[in-house]
Amino acid sequence: MQKTFVYPAALILLLVLTVCCKKEQLGKAATPAQPSQYIDASVASGETFTFVAGSTGTLSVSKQASHFQVSEALNENGSVYYNYKPKAGYIGADEVALMYLSDAAAPGVSSGTGCPANHNNPVKNAMNTIVIKLTVTK
């Protein structure tokens, strides 16, 4: 008789905990519809353009440039940055879209629960879409 009560109660508790964790994660990976930032930049043919996004976080290329020799997002030496070098001899316009997920930890705050995406998590993530419009000159 006791097993008949304990097993369903344990199952219900497990389901409630699972739903709570999933509900908190729903909005975390949403991609912004509109770019957060537009940058107009000029780079000489054969030269490298560097954009520094921040000191922590993750930067990735979400829409690759069309006329590049080098187009890469890097995280080195305490900086998160993007490098662009046009194809040899290319003169004209190019464009790249980047996704930057910055990490900003709240000082002196500790996480208190087992849910990985809990509202009490000390790391605040901010996702930005950055579009760089490049003009390649002689």
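Two strands are taken to pair if DSSP finds at least two bridges between them, and strands are DSSP runs (E, at least two residues) numbered from the N terminus. The model is predicted, so local features need pLDDT of at least 70 and side-chain atom pairs count only at pLDDT 80 or more, whereas totals for chains, interfaces and linings use all residues. Residues are numbered from 1 along each chain as its sequence is written, and side-chain values use heavy atoms, with hydrogens and water left out.

An open sheet is formed by three strands in the order β2-β5-β4, with antiparallel pairing. Its edge strands, β2 (49-54) and β4 (68-76), each pair on one side only. On average, neighbouring strands of this sheet are turned by 15° against each other, direction ignored; the axes are lines fitted to C-alpha atoms, and angles run from 0 to 180 degrees between N-to-C directions. Five antiparallel bridges join β2 to strand β5 (residues 79-86).

Within β5, Tyr81 stands opposite Val52. Tyr81 counts as buried because its relative accessibility is 14%; buried means under 20% relative accessible area, exposed over 50%, and partly exposed in between (1.4 Å probe, protein chains only). Apart from neighbours within four places in sequence, the contacts of Tyr81 (heavy atoms within 4.5 Å) include Phe51, Val52, Leu59, Leu74 and Glu76. With the side chain of Glu76, the Tyr81 side chain makes a polar contact at 2.9 Å. A polar contact is a pair of N or O atoms within 3.5 Å; within protein, one must be able to donate a hydrogen and the other to accept it, and residues adjacent in sequence count only if both atoms are side-chain atoms.

The structure holds one salt bridge, defined as a side-chain nitrogen of Lys or Arg within 4 Å of a carboxyl oxygen of Asp or Glu. This salt bridge joins the side chains of Glu95 and Lys63 (3.7 Å, N to O). Because Glu95 lies in strand β6 and Lys63 in strand β3 (residues 58-63), the pair ties together parts that are 32 residues apart in sequence. Glu95 is partly exposed at 30% relative accessibility, as is Lys63 at 44%.

Asp94 is located in strand β6 (residues 92-105). Asp94 is buried but has no salt bridge, and Lys63, the nearest side chain of opposite charge, is 6.9 Å away. Polar atoms of the Asp94 side chain lie 2.8 Å from the backbone nitrogen of Ser66 and 2.8 Å from that of His67.

Terms used. Helices (H or I, at least four residues) and strands (E, at least two) are DSSP runs, numbered from the N terminus. Lys and Arg count as positive and Asp and Glu as negative; His and the chain ends are not counted.
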